[in-house]
Amino acid sequence: MRNTVCCLFLLIFSTNTFSVNSNLILADSFPDKLSEFEFFVDDSAQEPHERVIPYELISTLFSDYSYKQRWVYVPNNAKASYVKDWVFDFPEGSALIKTFYYPVDERNPDLGKQLLETRLLLRKKDGWEAVSYAWNEQQNEAYKKIAGKTINASWIDFMGDERQVRYRVPNVNQCKECHAAKDSITPIGPKAKNINKHYSFEEGDFNQLTYWMKKEIIDSFPEDLVSPVDWRNETKDINDRARSYLDVNCGHCHSPTGNANSTGLYLNLVETRDINLGVYKKPVATGRGSGGNKYSIVPGKPDESILLYRMESMDPGIMMPESGRALTHQEAVEMIRDWITQLPNK
Amino acid sequence: MKRILFFSVPLLVALNLFAKEVYIDPGPNAQERLQEALILIEEGDTLIIKSGYYKFEDGLSLDVDNVIVKGEGIDSTILDFKNQQSGAQGLLVTSDKVTLSDFSILDAKGDALKVIGAKGINMINLKTEWTGGPKSTNGAYGFYPVESEDVLIDGCVAIGASDAGIYVGQSKNIIVRNSVAQYNVAGIEIENSYYADVYNNLASHNTGGILVFDLPDLPQQGGHHIRVFDNKSIDNDTDNFAPEGNIVGEVPRGTGIIIMANSDVEIFDNLMSGNGTVNLSIVSYGDETDDPNYYPHPKNIQVHGNTYGPSGFDPDIETGDLAKALFEISGGNMPDIFWDGIVPLSQIIFGQPDNEKLIIVEEDASFLTIKPIKYMLGFSDPTNTNKDDFKGEISPLKEINIETF
């Protein structure tokens, strides 16, 4: 009887009194279950709390063809501040939430999806921390996976073919590998330039930055943002598409402040030096990653370019990125191939 | 009172009253248990990997400062990555003041043990091996600390790396000692690094035994202050099996020690013998570079008191340009010590400053260098084989002290 009353009570008040558990965001340790954060009104349906705002990026990181839904949460009465050429500086207690999934059949969204994992970046008092929660088979709860997890997943692609993947939920250290900047952890996606695009919110269609201002979760953004292009947009310049793709897929490690800075190969958007972009750059510690090629990029010769060789490979000792990929991103490989083919041989 | 406080606080830290030992046994889910332990251990803890044969499908990583991870001996605690499906190395360490000891890493798909940006890393009594013999499909490096400081590699064994068995890159304050490197392309390689002591090691059956290199277009370059002494670099007779594109792919089979483009290097009291191409080679960086901050020539190299056994009896003229050029210019009479003689144009004209000169003080060693002017003017014999022209006073480099913890 008492239970029934409790349930009723919860039902009646859940939509009104429900709020994100900000204490857990700030806590010293991560809770075992994703639902404890109360980011979602309905976890398995991935229906977010109203202050948990969905967003998209212009160009995204390839993660074995998985789909991603992103949300940002900024606590009441606090705002993230704009930082030039970098991610917003989010206040303590903020959270970036990203759920990875495969649709059962890419041709028919109504057939549902398989939730894989929900990755969290939590803005603690001293900085960001990263952790991932893997969804159970019943798809009604996601559990903390400090050491990562392997999920053998499959889906039907747009061509009607069944695709299989040994999907890896990253462990906590692997989160840091990509999200490292100097000695601390940083988000990668939510730079003003990366979210400068329209999104269909429940209230209507808005530019995301405008919407974030309206929701008072950011303090400002400049009018004259130079944004990356969507690398899939074939009407855009091939050079912009390639640089945009390389920036978001490689530039977090391959930059002067990233984990791969010892290589001298820098693929972040602001890099302008040919040699550091890989043009006629010899490998340093590449080993068999060179595939018998002499340079990272040989203009006009994609098949002699180490960069493309490592994008195509599925061998863990060769492939790039080092983590988070088990399949080849065929469409991007074609685009980078076209890009290298038309690069002028100075 | 103040005095007591002053002493007791560091003491507490040193003793670490909360330090604990964590044990990992072989068995089901060893991968997940070990990786979780590597994430959850806390500063001051010791993680002990019990003896046994561990098979892993994913790379391991450690990012906790001030911990010890040890096995129960290189023949007892074996971490086997033959079936590795993900991760670019066997074990990746990204934290400071870490001690690793007494285990083996076998058949990693990429590098066996990589350490990035550590301030303080001890690698003691460890082994890295590719068990199928020298193959270009082996991983690049066995031991691979990079961008690190206070690096100790002591009593380790490195076998079968397709680049270097022991490779220290872009680091500072380094000791590599009492270790064995065999059947690698390069046995031991110190690259773009500052302040290293490499001593009492055995490098044999590699393509090249010990390499001291500096390369352009990297965040840290200008490698200097390297002492290589009391090593045996002998019988380096494995064909170069590096995948093309890698700089070590240029190293000819049968090279004892090569110094390339470093400053302040002292090579003494080593045994170099049984190296079919050349025992000791001192060369400039041979490729074009536009890097304005890079100095491509060796500078202030001191060679003394080494013992030279047979060399040059089987020069590898197929690999790179070095052995072929040396073979031609020496008329097949390969020297123990070779210097390519390449200096900046201004030094060709005005001579080398004394503090940049090559100094050789050896009893029994044959020598050959190229005289650039004679070479450029097409003299029939542009060489100089008189090592006494390079005699001088040795100014010993300082011993390297690394911070212990």
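Buried residues make up 54% of the 405 residues in chain B; a residue is buried if 20 or more other C-beta atoms lie within 10 Å of its own, exposed if 12 or fewer, and partly exposed in between, with C-beta atoms placed from the backbone. This is a predicted model, in which local features need pLDDT of at least 70, side-chain atom pairs count only at pLDDT 80 or more, and totals for chains, interfaces and linings use all residues. Residues are numbered from 1 along each chain as its sequence is written, while chains are lettered from A and ligands numbered from 1 in the order in which they are written.

**Chain B overall**

- Chain B has five helices and 34 strands; helices (H or I, at least four residues) and strands (E, at least two) are DSSP runs, numbered from the N terminus.
- Its radius of gyration, taken over C-alpha atoms, is 23 Å, close to the 22 Å from the globule rule (2.2 Å times the number of residues to the power 0.38), so chain B is as compact as a globular protein of 405 residues.
- The C-alpha trace of chain B spans about 75 × 60 × 40 Å along its principal axes.

**Nonpolar cores**

- A nonpolar core is a set of buried Ala, Val, Leu, Ile, Met, Phe, Trp, Tyr and Cys residues joined through C-beta atoms within 7 Å.
- The largest such core has 111 residues, of which Tyr141(B), Phe143(B), Ala164(B) and Ile166(B) touch the most other members.
- Strand 20 (residues 194–199) of chain B gives the most to this core, five residues.
- Leu34(A), Leu115(A), Trp155(A) and Cys175(A) are among the members of a second, separate core of 49 residues.

**The sheet in chain A**

- Six strands of chain A form an open antiparallel sheet in the order 3-4-5-6-7-8; two strands pair if DSSP finds at least two bridges between them.
- Strand 3 (52–55) and strand 8 (142–144) of chain A are at the edges with a single partner strand each, so one side of each has no neighbour in the sheet.
- Strand 6 (residues 113–124) and strand 7 (residues 127–135) of chain A pair in the antiparallel sense over eight bridges.
- Gly127(A), in strand 7 of chain A, is the bridge partner of Lys124(A).

**Where the chains meet**

- In chain A, 33 residues are in contact with 36 residues of chain B; contact requires C-beta atoms, placed from the backbone, within 7 Å.
- Helix 3 of chain A gives the most to the side of chain A that touches chain B, with four residues.

Methods
Two residues are in contact if their C-beta atoms, placed from the backbone, lie within 7 Å.
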